[in-house]
Amino acid sequence: MSKAEREITPALIVSEPARGAIHGRGFLEMSGIERVRAVLEGKLPRGPSARLTGLHPTDVGVGMATFAMPITGWWQTGAGAAPAGCMAFAADAALSAAVMTAAPPGVGLTTSEMSMDYLRPATIRGGSVIARARLIHSTRSLGLAEVAVEDARGRTLAHGTSRCVLFPVDLETVPERPPPPDDAETGTTVEPDPYLRPVEGEVLTQAEFDSRPGIDILRDRMQGRARPPIARLFGFLVTAVDEGTATMALPASGWLVSGLGTIYGGAIALFADYACTAAVGTVIPAATAFSPMDLKISFLRPGLPGDGELSATATVVHRGKTIAIVNCEVRNPEGKLLAMANASNLILPGRPWDRPVYIAEEMTGGDTGGQ
């Protein structure tokens with residue numbers, strides 16, 4: 001799919017100038033817990049990825065952090081459900097913040113690995129996803145944290161762990177960045193943050209899923225047809241599909257950036273999850289639901305915003321009766337490897353999409369993934 005063909009359906013949000021703060025030297029001069037508390041208390045503005053989605057801290061203490069994010073209609077896929085990756089998106093913020101609370105001034109942090117096990121889906125009816133993380137172990141250079149994700153009704157949705165790398169920062173090389181101007185101070189009127197706007201995008205009917213195999217639906221997406229709300233919010237594009245493989249593109253937009261100026265790890269995890277789900281869709285016949293069971297991702301280098309696109313290529317490496325295993329590579333616009341992911345999906349022949357999938361209730365003793 002050429003760039004000209006993709007421009008038939010331009011990204012709704014990511015083509016706009018991003019909002020939100022990129023923090024400078026003053027941020028890194030604080031201790032880790034002071035940084036998170038400053039954002040929680042509104043003393044520091046949120047980063048662009050938080051403005052895009054509404055992700056925000058709700059509690060912080062020594063060795064713990066909680067983040068919440070509304071699950072609005074913008075998170076809907078073509079099946080009308082929120083992707084499992086939305087839980088990884090929220091979890092990454094809480095996990096890294098829990099590790100950061102133990103960091104002294106002048107120390108930076110990056111996530112090196114995250115592992116998520118999904119128990120039940122996040123839904124619009126659930127209101128929000130709430131990620132509660134705690135620090136398990138920390139040294140001068142490494143931190144390990146775990147997270148429990150629930151919805152606003154108190155139901156457990158997922159569990160995860162993350163390993164983060166801590167490193168000293170030469171503060172003299174970090175510019176001091178003033179906060180972005182306040183709209184009230186400048187007298188300008190702008191639209192609400194993206195997650196607060198009226199939802200746009202197409203959700204397919206059950207009849208369409210019952211009558212068409214997944215690969216045909218993805219081919220429609222590749223031509224810019226039936227683009228779901230989540231693809232319009234983030235700018236996800238299907239660029240190539242074949243049986244057992246799918247390639248996606250994601251503009252390296254400033255909207256995906258955290259307050260530290262690099263592409264947020266939770267956004268990369270969501271992108272990998274979305275590509276893995278698409279790859280499974282290419283081997284799924286009509287009238288067959290499926291649901292992600294887990295996601296494991298290793299982050300290899302930071303992603304930077306710019307004019308190009310990230311790409312994610314996902315390949316089904318095993319397709320049994322009830323389990324599909326997928327590998328995924330995420331690359332930057334120069335083709336360098338940013339992250340590698342692995343995911344498992346539960347396949348449910350004859351199961352309509354309008355019934356939520358609860359992993360524990362669907363699994364039986366015979367669900368080993370064999371032929």
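Mentor: Helix α5 is mostly covered, with 16 of its 16 residues buried, where buried means under 20% relative accessible area with a 1.4 Å probe and protein chains only. The model is a predicted one, in which local features need pLDDT of at least 70, side-chain atom pairs count only at pLDDT 80 or more, and totals for chains, interfaces and linings use all residues. Residues are numbered from 1 along each chain as its sequence is written, and side-chain values use heavy atoms, with hydrogens and water left out.

Helix α5 comprises residues 85-100; helices (H or I, at least four residues) and strands (E, at least two) are DSSP runs numbered from the N terminus. From first C-alpha to last, α5 reaches 23 Å, close to the expected 22 Å, a span taken as 1.5 Å times one less than the number of residues. At A91 the helix α5 bends by about 25°, the angle between axes fitted to the seven residues ending there and the seven starting there.

Helix α5 lies across β2, β3, β4, β5 and β6, running at about 140° to β3. Contact here means heavy atoms within 4.5 Å; axes are lines fitted to C-alpha atoms, for helices over the stretch in contact, and angles run from 0 to 180 degrees between N-to-C directions.

The open sheet has 12 strands in the order β1-β2-β4-β5-β6-β3-β9-β12-β11-β10-β8-β7, with antiparallel pairing. Its edge strands are β1 and β7, each pairing on one side only; two strands pair if DSSP finds at least two bridges between them. Strands β2 and β4 pair over seven bridges in the antiparallel sense.

Note on methods: Buried means under 20% relative accessible area, exposed over 50%, partly exposed in between (1.4 Å probe, protein chains only).
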